[in-house]
Amino acid sequence: MSTASFVVTPMSRGFVAEVSGADVRSLDECGVTVLRRALDEHRVLVVRGQSLSAADQVEFSARLGELYRMPYVRPLDDHPDVIAVLKEADEVKVSTFGSWWHADFSYLDEPPVYSVLHAVDLPPHGGDTLFADMIGAFEALSVSMRRVLCRLCIMHSGHIYGRRLARDGSRGRMRGVQISTGHEEAEIERSHPLVRQHEPTGRQALFANPTYCTRLANMSVEDSKSLLDFLYAHCGRPEFTWRQVWREGDLLLWDNRAVTHLAVNDYDGHRRLLHRTTVCSEKPVAAR
Ligand code: SIN
């Protein structure tokens with residue numbers, strides 16, 4: 001399939017684009033390059049009408065970059081690069097994987113760059129995924145605020161995979177993926193720049209999320225709270241967010257350097273299964 005055979009249509013202000021007329025299983029090199037450039041530019045791509053086995057998804061994802069295996073998450077038995085994001089119909093009133101704003105595994109030294117999520121079994125309604133544009137949100141701030149933020153670092157930690165959940169027995173309530181908890185090293189706090197350079201575009205993105213970030217570097221939790229609350233509320237404003245209402249055959253690609261996302265857990269009584277692969281990893285570099 002050549003580049004001319006698919007169309008990339010920006011959805012809102014250039015944040016998020018829809019790709020139609022593509023079959024990602026048969027893209028040529030040029031097609032992959034165009035898709036990857038579109039992903040860098042629009043941060044989220046919705047590729048419609050894909051029918052992919054787990055093996056097809058792995059093969060396609062590997063063409064975007066080196067596959068990345070998540071720690072603490074059990075992959076599919078026969079596909080070690082694929083995780084199942086699953087909630088069964090009988091799992092009601094449970095918290096699910098990724099149900100609050102986050103960038104995937106942002107607490108790692110080199111967090112993953114691209115995530116690829118394919119709809120396998122969708123509920124009849126609900127189960128949408130929300131995205132926040134961390135580049136757009138940063139650029140909308142005043143120059144003075146941006147200058148202040150660029151000088152700060154923020155602490156991230158994978159505490160949800162640590163000892164606390166294992167101790168209080170809530171491990172079984174984290175539905176959606178097979179995670180394992182009790183990992184002492186997951187609780188290490190790691191400092192990343194609060195504003196990171198988005199190398200492909202030369203733009204800057206806020207790199208903060210309430211799931212993994214604990215506090216600003218060199219500040220207490222209390223001292224950090226008002227600035228972080230302001231930033232999270234700002235990034236969640238409607239003009240910086242977009243809602244993926246899943247359709248059968250949708251394949252979603254996003255850039256964790258430039259967006260945060262959350263899965264809406266509002267479909268009790270119905271099954272929802274998506275397959276996720278993750279590509280490349282990169283140490284966040286401070287905004288220049
Ligand atoms: C995730 O990758 O955080 C899951 C997103 C979703 O289930 O919609």
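How do the residues of the shell around the ligand divide into nonpolar, polar and charged? They divide into four nonpolar, four polar and two charged. The legends below refer to a predicted model.

**View A. Residues around the ligand.** The shell contains Val85, Gly98, His102, Leu117 and Thr129. Trp254, His261, Ala263, Arg272 and Arg276 are also part of it. Two strands each supply at least two residues of this shell: E16, residues 259–263, and E17, residues 272–281.

**View B. Polar side-chain atoms facing ligand oxygen.** For Arg276, a polar side-chain atom lies 2.6 Å from an oxygen atom of the ligand. For Arg272, an N or O atom in the side chain is 2.8 Å from a ligand oxygen. For His261, the distance from a polar side-chain atom to an oxygen atom of the ligand is 3.0 Å. On its own, the ligand has 260 Å² of accessible area, and the protein covers 100% of that area.

View C. Which cavity does the ligand take up? The space taken by the ligand is the largest cavity.

**View D. A salt bridge between Asp268 and Lys87.** Side chains of opposite charge can pair when their charged atoms come close. Here the side chains of Asp268 and Lys87 meet in a salt bridge, at 2.5 Å from N to O. The pair links distant parts of the chain, 181 residues apart. Asp268 sits in the loop between E16 and E17. Lys87 belongs to strand E4, residues 83–87. How many salt bridges does the structure hold? The total is 23.

Definitions and conventions: Residues numbered from 1 in each chain as written. Predicted model: local features only at pLDDT ≥ 70, side-chain atom pairs only at ≥ 80, totals over all residues. Heavy atoms only, no water. Near = heavy atom within 4 Å. Polar contact = N/O pair within 3.5 Å; in protein donor to acceptor, adjacent residues only side chain to side chain. Areas by Shrake-Rupley, 256 points an atom, 1.4 Å probe, with all protein chains shown as cover. 1 Å grid on protein atoms, 1.4 Å probe; cavity = no way out; pocket = protein on both sides within 12 Å on 5 of 7 lines; lining within 4 Å. Sits in = over half its atoms within 2 Å of the grid points. Helix = DSSP H or I, 4+ residues; strand = E, 2+ residues; numbered from the N terminus. Nonpolar A, V, L, I, M, F, W, Y, C, P; charged D, E, K, R; others polar. Salt bridge = Lys/Arg side-chain N within 4 Å of Asp/Glu carboxyl O.
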